[in-house]
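Welcome! Take a moment to look over the model below, and then we can walk through some of its charged pairs and a surface patch.

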Amino acid sequence: MARLTQVAIILAATLCFLSLVDVADSHAPKFIVEGKVYCEVCRANFTNRYSEPMAGAKVKLECKNEVTESVTYTLEGETNEKGVYTLTAEGDRGEDLCAVTLVKSSMADCAEIPDEKPAAEVTLTLNNGFHDEFRNANPLAFTRKEALPECAKLFKELEEPKR
């Protein structure tokens with residue numbers, strides 16, 4: 001009987017320990033932020049059939065306090081061969097405004113950041129109705145100094161009304 005009591009105490013202690021580890025781990029949620037960077041060769045500021053995914057582009061996730069606007073979190077990353085970046089952000093940022101921005105192009109002929117400095121805003125909290133860790137960011141694009149000649153055809157097609 002004493003042996004059974006010892007086993008029960010050991011099992012109870014183990015369960016308590018495992019639940020404490022789980023609670024400690026749950027205090028710092030992780031979020032997977034994924035997005036795409038491309039070269040916008042028509043200087044139209046939207047993705048189109050001529051847009052090219054950009055491998056090796058550098059991006060930065062930055063979170064700022066909503067009130068003070070001081071930077072509270074920063075994380076940099078790079079796109080893969082398909083122009084996709086994946087950033088793993090740690091911690092709940094419910095009091096912050098977070099966005100991914102362009103840092104550096106990997107293409108010398110497509111390295112301009114548009115004047116309006118594009119940013120893909122993301123929400124990094126579980127207190128907003130999203131209950132998983134995945135966050136999809138809007139695409140970002142560097143532009144060329146000059147649009148490709150093929151772009152004239154695209155712009156003409158966009159002007160024509162559909163029948």
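Asp132 is partly exposed, at 37% relative accessible area, where buried means under 20%, exposed over 50% and partly exposed in between (1.4 Å probe, protein chains only). Its partner in a salt bridge is Arg135, with the closest N and O atoms 3.6 Å apart. Arg135 is buried, at 6%. A salt bridge here is a side-chain nitrogen of Lys or Arg within 4 Å of a carboxyl oxygen of Asp or Glu.

This is a predicted model: local features need pLDDT of at least 70, side-chain atom pairs count only at pLDDT 80 or more, and totals for chains, interfaces and linings use all residues. Residues are numbered from 1 along each chain as its sequence is written, and side-chain values use heavy atoms, leaving out hydrogens and water.

Glu78 lies in strand 4 (residues 71-78) and Lys58 in strand 3 (residues 58-65), so the pair ties together parts 20 residues apart in sequence. Strands are DSSP runs of E, at least two residues, and helices are runs of H or I, at least four, numbered from the N terminus.

Lys60 and Glu62 also meet in a salt bridge, at 3.5 Å from N to O. Arg43, Glu112 and Lys145 are linked in a network of salt bridges.

## Phe155 in its helix

Phe155 sits in helix 2 (residues 151-159). Phe155 counts as partly exposed because its relative accessibility is 31%.
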